[in-house]
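Here is a short briefing to read alongside the model. Keep the sequence and the 3D view open, and find each residue as you go.

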Amino acid sequence: MKLFEEYKELESKIPENLKNRIDINRLELKEDGTYLYRGDLNINYGKPKLTSLKVLGDIGISEVGGSFNCDDNQLTSLEHCPSYVGGYFDCSGNQLTSLEH
């Protein structure tokens, strides 16, 4: 029952416009309490466009095992961006003023 409650809690943290892009079944709990997202994570081309990556921090995604795409949004910062991406990282088409986070 505890796993079901944790699953529901994680699911509730994902905004409606990203529910079809963030598959909580791909989340793997790490020893530090954050999550590895197994596979590619594409949070691009959503409507409304994202102005921050706070949702990743809210969920606790700290690493992406595959590629991470957050292109074509309205991001001004990479704050809450995964600290590790196993594939390619695409943040083009945003209004970033720095690549630091």
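The largest pocket has a volume of about 170 Å³. Bear in mind that this is a predicted model.

**The largest pocket**

- Ten residues, written 10 in the count, line the largest pocket.
- Nearest its centre lie Tyr7, Leu10, Ile24, Leu27 and Tyr35.
- Which element gives the largest share of the lining? Helix 1 does, with four residues.
- Helix 1 covers residues 2-12, and both helix 1 and strand 1 supply at least two lining residues each.
- By type, the lining of this pocket divides into seven nonpolar residues, one polar and two charged.

**Leu36, a residue in strand 2**

- Leu36 sits in strand 2.
- Is Leu36 buried or exposed? Its relative accessible area is 16%. Buried means under 20%, so Leu36 counts as buried.
- Setting aside neighbours within four places in sequence, Leu36 is in contact with Arg26, Leu27, Glu28, Lys30, Glu63, Val64 and Gly65.
- Two of these contacts, Lys30 and Glu63, return in the next group.
- Leu36 and Tyr7 are 29 residues apart in sequence. In space, their C-alpha atoms are 15 Å apart.

**Salt bridges**

- How many salt bridges does the structure hold? There are eight.
- Glu63 forms a salt bridge with Lys30, and their closest N and O atoms are 2.9 Å apart.
- This pair links distant parts of the chain, 33 residues apart. Glu63 belongs to strand 4 (residues 61-64), while Lys30 lies in the loop between strand 1 (27-29) and strand 2 (35-37).
- Glu63 has 21% relative accessibility, so it counts as partly exposed. Lys30 is also partly exposed, at 21%.
- Lys49 and Asp72 meet through their side chains in another salt bridge, at 3.2 Å from N to O.
- Lys49 is partly exposed at 33% relative accessibility, and Asp72 is partly exposed at 27%.
- Some salt bridges share partners, and these join Lys30, Asp32 and Glu63 into one network.
- Arg26 and Asp23 form a salt bridge as well, at 4.0 Å from N to O.
- Arg26 is partly exposed, with a relative accessible area of 34%. Asp23 is partly exposed too, at 32%.

- Strands of a sheet pair through backbone hydrogen bonds, either parallel or antiparallel.
- In this model, three strands form an open sheet in the order 3-5-7, with parallel pairing.
- Which strands stand at the edges? They are strand 3 and strand 7 (89-90). Each has a single partner strand, so one side of each is left without a neighbour in the sheet.
- Strand 5 and strand 7 run parallel, joined by two bridges.
- To find a bridge yourself, look at Asn69: its bridge partner in strand 7 is Asp90.

Terms used
Residues numbered from 1 in each chain as written. Predicted model: local features only at pLDDT ≥ 70, side-chain atom pairs only at ≥ 80, totals over all residues. Heavy atoms only, no water. Buried < 20%, exposed > 50% of the residue type's maximum accessible area, 1.4 Å probe, protein only. 1 Å grid on protein atoms, 1.4 Å probe; cavity = no way out; pocket = protein on both sides within 12 Å on 5 of 7 lines; lining within 4 Å. Points joined across faces, edges and corners; volume = space filled by probe spheres on them. Nonpolar A, V, L, I, M, F, W, Y, C, P; charged D, E, K, R; others polar. Contact = heavy atoms within 4.5 Å. Pairing = 2+ DSSP bridges.
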